[in-house]
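Dear colleague,

Please find below the structure for your records. My notes on what was found in the structure follow directly after it.

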Amino acid sequence: MIGPVSWWWVRHGPTHAKTMVGWRDLPADLSDTDAINRLSNALPQDAALVSSDLSRAIATADAIQSTRLRLPHREALREFHFGDWDGLHWQTVSDRDPELARAFWEDPGDHVAPGGESWNQLAARVSGAVDQLNPQGHRHVVAVAHFGVILTQIARAGDMTPYQALGHKIDNLSVTRLDWDGRGWSVHSINHLP
């Protein structure tokens, strides 16, 4: 039996972008050192630390690494691939693809962003990475990732629909803890700001 494993999902530092940001590699603003220190102190020191391979997640992980075991970055932990929508303002996306944009957020699942991916594709990608790490013997995993990534795992652990999961706020530098007991998932806390 595998487990137990506690996943401490951290959303990267803010980018201050006013447009959709998926795979575009924008840097994180990590100038709030007090917030970074509070975050690091709220996380278990004996955790393995992993991040997506986008610089905003890598830099945030670097800032909180401390004595934690650093695992290689994982492309599978990247944000939604928004494709042609990446870099566009939400209203521009809505004006350009009104029916698809509405369906993408209001009926998430198989609706695919043009040139990008769907909720189901993102969830499968992220869950695959989590399932690969669970049996590696880490009691705690701190994973620095993105809004959509974290929401897919909240949906998984909380047995929620994608739409229900999308109702959760995930702030930058927040912690969402999800626990795996070797058989199933449970939600410990969502969007905690240390």
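In these notes, buried means a relative accessible area under 20%, exposed means over 50%, and partly exposed covers the values in between, with a 1.4 Å probe and protein chains only. The model is predicted, so that local features need pLDDT of at least 70 and side-chain atom pairs count only at pLDDT 80 or more, while totals for chains, interfaces and linings use all residues. Residues are numbered from 1 along each chain as its sequence is written, and side-chain values use heavy atoms, with hydrogens and water left out.

Helices (H or I, at least four residues) and strands (E, at least two) are DSSP runs, numbered from the N terminus. Contact means heavy atoms within 4.5 Å.

Ser40 belongs to helix H1, residues 33-42. Ser40 counts as buried because its relative accessible area is 10%. Setting aside residues up to four places away in sequence, Ser40 touches Gln45, Ile64, Ser66 and Arg68.

Thr60 sits in helix H2, residues 55-64. With a relative accessibility of 0%, Thr60 is likewise classed as buried. Beyond its neighbours within four places in sequence, Thr60 has contacts with His12, Gly13, Ala28, Leu30, Val144 and Leu173.

The packing of H5 and H6

Two packed helices are described by the angle between their axes and the distance between the axes. Helix H5 (residues 119-133) packs with helix H6 (residues 147-157) at an angle of about 80 degrees, and the axes are 9 Å apart. H5 is therefore roughly perpendicular to H6. On the H5 side, the contact involves Trp119, Leu122, Ala123, Val126, Ser127, Val130 and Asp131; on the H6 side, it involves Gly148, Val149, Leu151, Thr152, Gln153, Ala155 and Arg156. By class, the residues of this contact are 8 nonpolar, 4 polar and 2 charged. The axes are lines fitted to C-alpha atoms, for helices over the stretch in contact, and angles run from 0 to 180 degrees between N-to-C directions. Angles under 35 degrees count as roughly parallel, over 145 as roughly antiparallel, 65 to 115 as roughly perpendicular and the rest as oblique. For the classes, Ala, Val, Leu, Ile, Met, Phe, Trp, Tyr, Cys and Pro count as nonpolar, Asp, Glu, Lys and Arg as charged, and the others, Gly among them, as polar.

H6 is mostly covered, with 9 of its 11 residues buried. Among them are Ile150, Ile154 and Ala157. The buried residues of H6 pack against strand E1 (5-11), H5, strand E4 (140-145), H7, E5 and E6.

Gly148 lies in H6 and is buried at 0% relative accessibility. Apart from neighbours within four places in sequence, Gly148 is in contact with Glu79, Phe80 and Leu122. From C-alpha to C-alpha, Gly148 and Leu166 are 8.2 Å apart in space, and they are 18 residues apart in sequence.

Positive phi values

Most residues other than glycine have a negative phi. Leu173, which is not a glycine, has a positive phi of about 65 degrees. Leu173 is in the loop between helix H7 (162-166) and strand E5 (175-180), and its relative accessible area of 12% makes it buried. Asn191 also has a positive phi, near 60 degrees. Asn191 is placed in strand E6, residues 185-192, and is buried at 17% relative accessibility. Just after H6, Asp159 takes a positive phi of about 50 degrees.

Arg177 is part of strand E5 and counts as buried at 16% relative accessibility. Leaving out neighbours within four places in sequence, Arg177 has contacts with Ser6, Trp7, Trp8, Val187, His188 and Ser189. Arg177 and Trp9 are 168 residues apart in sequence, with their C-alpha atoms 6.1 Å apart in space.

His73 lies in the loop between strand E3 (69-70) and helix H3 (90-96). At a relative accessible area of 40%, His73 is partly exposed. Neighbours within four places in sequence aside, His73 is in contact with Ser51, Ser52, Asp53 and Ile58. The C-alpha atoms of His73 and Val112 are separated by 25 Å, and the two residues are 39 apart along the chain.

Yours sincerely
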